[in-house]
Amino acid sequence: MSAAASGARTASEVAAAVATGQVSAAAVLEEHLARIDATEAEIHAFNHVMVDEARATAQAVDEAVASGSDPGRLAGVTVALKDNMCTRGTPTTCSSRILVGWRPPYDATVVTRLAAAGAVVIGKTNLDEFAMGSSTENSAFGPSRNPHDPSKVPGGSSGGSAAAVAAGYAAVALGSDTGGSIRQPAALCGVVGVKPTYGGVSRYGLIAFASSLDQIGPFALTVEDAALILEVIGGHDPADSTSIDQPAPDLRGGLGRGVDGVRVGLVRELMGPGIAPDVAQRVTEAAEALEKEGARIEEVSLPSFTYGLSAYYLIAPAECSSNMARYDGVRYGLRAEAPGITEMYKATRAEGFGPEVKRRIMLGTYALSAGYYDAYYGKALKVRTLILSDFERAYADVDVLMSPTSPTVAFDLGAKTADPMTMYLNDVCTIPSNLAGHPAISVPFGGGEGGLPVGVQLLGPALSEPLLFQVAAAVERAATAVFEGRPL
Amino acid sequence: MGERLTREAVAHVAMLARLDVTDDELDLFTGQLAAVLEHAADVEALDLRGVPATTHPLPLVNVLRPDVVQPGLDRDEVLAMAPQAEGGRFRVPRILDEEA
């Protein structure tokens, strides 16, 4: 039986209803907790459900409404947080044994901003350990499952967040996207997922995987909800030196504008070999639907995309090996007892990290080591420049690009765990945006093989979020028109 | 790739990464790392002379904050999360009399 929620209220509806006293934040929360009770044992979206904290927050929101004070733009909206974002005093594990028992002494900036807006954080979601993976199977606490079909993965690494929204456990969720870790699980779980421009959302309190690629973004049932969340969490933060020095842009204002005259490029390199025909078919249909609304569709070639995957799997592990060095058994988390300090480091890391994290630490250490730096890491950074140049050329002719989000619909648990390279190929469509620092959105567009959700990816240049959301809203309207009354 | 990745090279990398690995893990990682590096051979083979590196997607330089004292984290709260602490400090195993 599918655990996917239907008829759930959107975040925008909840915020409006709670702020005007039509419904209480407490009642909204209890609806979500009831859904968690019903199916979470099978789905395993959460590492930790914050029942008591969420009830206290909801009560505070209801008291603010009763007293006539402004409850905030997200009054009573339940939010699930990927468990790599710091929540003061509440366990934050990155789904790793090395952080079991650790409770952060501070909140991530996104958590502070959500709280100030009246949102109700409902729990911390499962992920591939330290966000390294594409299926949530690399979690030390066991995999999450896809609410549309629990024999399938929800995607990853933010699989728990995607599953939580798809199953109606929370109105919205936050994830982090280093090579597709928001967009791919959003596509596989049939929800909207956004990777903002690098620097658009503060990374303060996001536990780092690959610092030049990591970016926080929302999961939501609708494009409007994703825009609302991004308006709340986005904008400059002095605590993150890579944060763009601008306020969060208005994203909801343009959602109804349509796509008349908008030039959309279909990425040739992401529509051919390696892309399942059922997925490519839906993307083509989405393009045709936009064309009917007045968009101009053309095919665009970005030849350097061919090298994106290789460059990514040198850069991300290199930065990972550096970031993972802090887990040494000294300041937080696990410590394995050993007589000397070097033995303690080695034993702690061997015991605390899972196989994929170890693999990437090894790969990154190798790519950065003497004699190999120029051949691997140095060259990969230059490939990043090639990909940026390809994007620049493309955006001289078109306003946005379109492609599949994931090469396939959700796959069986265990199908790709034996060979790391097979798993890495899942990221081929999403990686270029991370390497370029550009924003991208995945919007559900019908179903593919087995009736499982397909996601269409929209890509734009840096800071093009207002236009991307405008086009995403048009894709969403087209999906409703084309697939209404039919199951996925 | 110019040369085949050896088991010895992988063991050296594990030492650099301060990671104990079992014999089985050494065998596994040697094969898997070689496969990823083989895939990366397309990048290794590119002639990229004259192409600048991109390390940051946006041109932010010399990001500074106002030179104003800000409260830091509470020391006791931070140390409470350490595996071992003593006298307001992190406690570690002995670091002298040890082979590197």
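Analyst: Ala131(A) is found in the loop between β3 and α5 of chain A. The model is predicted, so local features are given only at pLDDT of at least 70 and side-chain atom pairs only at pLDDT 80 or more, while totals for chains, interfaces and linings use all residues. Residues are numbered from 1 along each chain as its sequence is written, and chains are lettered from A and ligands numbered from 1 in the order in which they are written. Helices (H or I, at least four residues) and strands (E, at least two) are DSSP runs, numbered from the N terminus.

Ala131(A) has a positive phi of about 70 degrees, although it is not a glycine. Most residues other than glycine have a negative phi, and most peptide bonds are trans. Ala131(A) is buried, with 30 other C-beta atoms within 10 Å. With C-beta atoms placed from the backbone, a residue is called buried if 20 or more others lie within 10 Å of its own, exposed if 12 or fewer do, and partly exposed in between.

The loop between β3 (120–125) and α5 (159–166) of chain A also holds Ser157(A). The peptide bond that joins Gly156(A) to Ser157(A) is cis, with omega about 10 degrees. Elsewhere in chain A, a positive phi near 55 degrees is found at His44(A), a residue other than glycine. His44(A) belongs to the loop between α2 (25–43) and β1 (46–49) of chain A, and it counts as buried, with 22 C-beta neighbours inside 10 Å.

Just after α8(A), Gly294(A) takes a positive phi of about 105 degrees.

The axes of α8(A) and α15(A) come within 10 Å and cross at roughly 105 degrees. Axes are lines fitted to C-alpha atoms, for helices over the stretch in contact, and angles run from 0 to 180 degrees between N-to-C directions. The two helices α8(A) and α15(A) are therefore roughly perpendicular, given that angles under 35 degrees count as roughly parallel, over 145 as roughly antiparallel, 65 to 115 as roughly perpendicular and the rest as oblique. Glu285(A), Ala286(A), Ala289(A) and Leu290(A) in α8(A) meet Ala474(A), Val475(A), Ala478(A) and Val482(A) in α15(A); two residues are in contact if their C-beta atoms, placed from the backbone, lie within 7 Å. By class, this contact has seven nonpolar, no polar and one charged residues. Here Ala, Val, Leu, Ile, Met, Phe, Trp, Tyr, Cys and Pro count as nonpolar, Asp, Glu, Lys and Arg as charged, and the others, Gly among them, as polar.

Another helix pair in chain A leads towards chain B. The axes of α9(A) and α11(A) come within 7 Å and cross at roughly 100 degrees. The helices α9(A) and α11(A) are therefore roughly perpendicular to each other.

Between the chains, 58 residues of chain A are in contact with 44 residues of chain B. Elements giving two or more residues to the chain A side include α9 (308–323), α11 (355–368) and α12 (374–397). The largest share of that side, twelve residues, comes from α12(A). The residues on the chain A side divide into 34 nonpolar, 14 polar and ten charged.

From chain B, the buried residues of α2(B) pack against α9, α11 and α13 of chain A together with α1 (7–16) of chain B. In α2(B), the buried residues are Phe29(B), Leu33(B), Val36(B) and Leu37(B). Seen down the axis of α2(B), they fall within an arc of 90 degrees, so they line one face of the helix. On the other side of α2(B), Asp23(B), Asp24(B) and Gly31(B) are exposed.

Note on methods. The arc is that of the directions from the helix axis to the C-beta atoms.
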